Amino acid sequence: KNICKPAILLPDDYVYPINDIKSFNISYKADKKNIALLLAEKLNIKVLCNKCKKHYNIHSRLICDKCNEMLIYEYFSTLSDQFFGFIKLENCTFIAFNYNSYVINCLTCSKIYRTTEIGINTQFEFKCYGCYSFISLTLKDIQYKTYQKSLSSKIKVGVPLPENGTCIHYRKSFRWFRFPCCNKLFPCDICHDKETDHCNEMANKMVCGFCSKEQSVKNNCECGMTMKKSTAHWEGGKGTRNKVVMSKKDNKKYKK
């Protein structure tokens, strides 16, 4: 238990900075006692510049001092028992939350307070200046949820896929796979598992990385695409990752 510094009492005519938004990507879980409303007034986060990979603590937009890229950060707060609001990021990637500014409304007398003393799994407790009742808050979790844009929208038959269908996991696999478990396209099973909340099922269709034609899974396409190297390693549902049964000629048999 950690009893923090008293919160700052705000005027009775304080206007909550809430926004008329329909989608939220900042969720939270909290244990609240004698709290009517909880608002994340400001969210300070750590981000990664997508261009030069430099880290920044950010609470508004700024220009990267290494590559001059404009890092755009906008936060839209709301009042909800499950969500703090919505974060919009451009040219940067979310890493973690820093300490934030919260507004708390007393359930008994409606006094309004602001504090930056709330951390994850730390009990924040103080006595209300208006009714002298104890206000207690423990923020259990706060999460930023990303939503992947559908890869299907990037397909145009006759036009190559981005990066010719390759990904960071398989640089020689020039195709995207359609997974029947969710009917979505991903460059590989690892990409699928990182972006979804379920286990992948064996892919039954693929989209050629050179001509974007959807077809059954195979190592070549009528457009001329041919896999550079075929091994027993998992490729769109074929092969194995069991190093015991792999051929001794398979270089992945000995890789850690």
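## A salt bridge across the chain

The side chains of Arg-61 and Glu-74 meet in a salt bridge, 3.2 Å from N to O (a side-chain nitrogen of Lys or Arg within 4 Å of a carboxyl oxygen of Asp or Glu). The pair links distant parts of the chain, 13 residues apart. Arg-61 lies in the loop between β5 and β6 (62–63). Glu-74 belongs to strand β7 (residues 70–77). Arg-61 is partly exposed at 46% relative accessible area, and Glu-74 is partly exposed at 25%. Buried means under 20%, exposed over 50%, and partly exposed in between, with a 1.4 Å probe and protein chains only.

This is a predicted model: local features need pLDDT of at least 70, side-chain atom pairs count only at pLDDT 80 or more, and totals for chains, interfaces and linings use all residues. Residues are numbered from 1 along each chain as its sequence is written, and side-chain values use heavy atoms, without hydrogens or water.

## Other charged pairs

The structure holds 10 salt bridges. Among them, Glu-90 pairs with Lys-88 at 3.5 Å. Glu-90 is partly exposed at 32%, and Lys-88 is partly exposed at 31%.

The chain has 1 helix and 17 strands (DSSP runs numbered from the N terminus: helices H or I, at least four residues; strands E, at least two).

Strand β4 (residues 45–49) joins β5 through 4 bridges. Val-47 stands opposite Tyr-56 in β5.

Terms used
Two strands pair if DSSP finds at least two bridges between them.
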